[in-house]
Amino acid sequence: MADVIVVGAGLSGLMAARKILTLDETASVVILEARDRVGGRMFAQQAGGERKGWIDLGGQWLGEDQTRIRALAKEFGLEIFEQYTDGFDVIWYDGHRYLDDSDTAAPNARDRKATEDLLDAMAHTADLVVPDASQAWASPLAAEYDRLTTGQWIDQTSDNDYARFLVGNIVTFDQPGGTPREVSLLHSLFETKANPPEGEPDKYYLRGAAGQIPPLLAEQLGDEVVRLSSRVVAIHQASNGVTVTARTPQGYKDYDAKAVIVAIPPWLAGAISYTSSVPGQPDLPARRLQLTQRMAMGTMAKIACVYDTPWWRTSGAGLSGTSFTEGRLVGQTADSGLPGDEGPGILISLVQGDMLLDWIGLPPDRRQESLVQDLVDLFGDEARNTTDYVEALWPEDQLTGGGYNAYLPPGGWTSYGSAVREPFGRISWAGTETATEWFGYFDGAATAGERAAEEVLRKWL
C-alpha cells in the first residue's frame, strides 16, 4: 500500500509526487502513467538532417515572471535563452502579405491603433470582471460576461475588421486553442488575468528543449515511483482509503492508498469510473461530473519544419519567423531555433480549428505539401527546402485529446468552475487546468501539482 497514488506523469503529477517526498521523507508515492513515457504535453524529440536540433512537440515557452519553472530549469542546470524575434513579422490579412516590426503588427497606423485599443479593452475588462483569478466564477459580473463567447465580445467592442482578426488570432493561439466562437468570454478574461501579458509568458526557450525536464524529474523519483503503461480506469473511495485500478500490459492491477491526486486534463479525468462506499458520499459530485463533460481541449496541432540554417533571419527583408494569418491553414508561426547560427533553423507552425480537422484527414504527404506551401507564401521559396518535418497531432491523441489546454464554453465557469480544483473526499485535482496563475503554462502545471500535494499532506498523511 502506498500513501498516495498520483494519476498522470506529466509535469504536474511529477511535481506533486516530488513535493510529497520532499516534505515527508517517510511517505510512499506511486505515479500511474498511461503512456510509455513521462511528460504528457511536455514532450521533445530530436529532428533535422545533418544539423539536428531538439524540438518541443508540446509546450515550449517560458515567461519572465514564471518563477517556478525557471527555478526548476536552474536546478537542472538548463540554459534559458530568448526566442528570436528580431526583424519583421509576417501578417497575412485580407489576401495580402504585410511586413511589420512593431509590437502590434498591422498593415497601417489606423489598424494598429484599433488593435491596441481592443487589447487594452480586454485587459481592462479582465481587471474589472476577474479581480481574483482563483474564483473567476464568483465575481458579481461573472454571469453577465459568461453569457458571451469571446468572439461576440470582440465584434461588439470594435468595428475595425483588422483588430477583430488579430485579437481573435491572439486569443486563439495564445490561450487554450479553442476558437473565439467557442470560448466563453469569462474564460478568456480569466486567462488574461491569470497569464498577464506584462509577465511576457512567451519569451524564452530552454536549450535542449523543455521536454527534457519530465525525464529528469522521473529519474530523480525512480522506477519504484513512476509506473508507465498503467492507465487508470477506476477510483474507489472507502472510509479508510482509496483503491485505484489501472490497466497494464499484464492485465488490471489495483493499488491501495490513503489518497489520490488526479493530474490529467479534466475531460480525461472524467473518463475514469468513480465509486464510493463512504456513507452519504456520492460516487462523484454532480458539478464535477458536469464540469468534465464541458471542459473541452482546444483543437490545435503543432508542426515543426527543420532547415539546415535559419535562413529567414538573414533573408533580404530580415524576418523574425513570427507570422499571424487570416484564412490560411497555418494560423501562427514562430522561430524555435537556437541563437545565432548554433543549430538548424526550426519554424514551428500552429494549425487550429476547422481547417485542422479538414487537413488532419489528408494523407501525410498532402498534409506536408499544403503546410509547406503556406510557409512558402509567408516566408519565401526557401521554405520548401526542409531537412525534416514533424507533426504533433494532439487532437488525435486519445491520452490528451487536443491542444494546448482545456477551456470552458459560455455558462461553464459560473455553473461548474468551482469544481475545477475542489477536493472530493480523498481525491485532489492537479494539472495546469487547475492553476490560478499561469494557467496552461509549465509554471501553472508545476505549482498546481505542488498545491495538490500540500492538500493531501495536510489532510491525509
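Predicted model: local features only at pLDDT ≥ 70, side-chain atom pairs only at ≥ 80, totals over all residues.
1. Residues are numbered from 1 along each chain as its sequence is written, and side-chain values use heavy atoms, with hydrogens and water left out.

2. The partner of D354 is R181, and their side chains form a salt bridge at 3.0 Å, N to O (a side-chain nitrogen of Lys or Arg within 4 Å of a carboxyl oxygen of Asp or Glu). This pair joins distant parts of the chain, 173 residues apart: R181 sits in the loop between α6 (161-174) and α7, and D354 in helix α11 (residues 353-359). Helices (H or I, at least four residues) and strands (E, at least two) are DSSP runs, numbered from the N terminus. R181 counts as exposed, at 54% relative accessibility.

3. D377 and R328 also meet in a salt bridge, at 2.5 Å, N to O. D377 lies in helix α12 (residues 364-379) and R328 in the loop between β16 (319-325) and β17 (330-335), 49 residues apart. Here R328 is buried at 15% relative accessibility, whereas D377 is partly exposed at 28%.

4. Next comes E64, whose side chain meets that of K203 in a salt bridge of 3.4 Å, N to O. The two are 139 residues apart, with E64 in the loop between β4 (52-56) and α2 (67-75) and K203 in the loop between α7 (185-194) and β8 (204-206). E200 joins E64 and K203 in a network of salt bridges. Across the whole structure, the search finds 23 salt bridges.

5. Finally, a look at helix packing: α1 (residues 11-23) and α8 (residues 213-221) pack at an angle of about 30°, with axes 10 Å apart. Axes are lines fitted to C-alpha atoms, for helices over the stretch in contact, and angles run from 0 to 180 degrees between N-to-C directions. L11, L14, M15, A17, R18 and L21 in α1 meet I213, P214, L217, A218, Q220 and L221 in α8, where contact means heavy atoms within 4.5 Å.

Key
Buried < 20%, exposed > 50% of the residue type's maximum accessible area, 1.4 Å probe, protein only.
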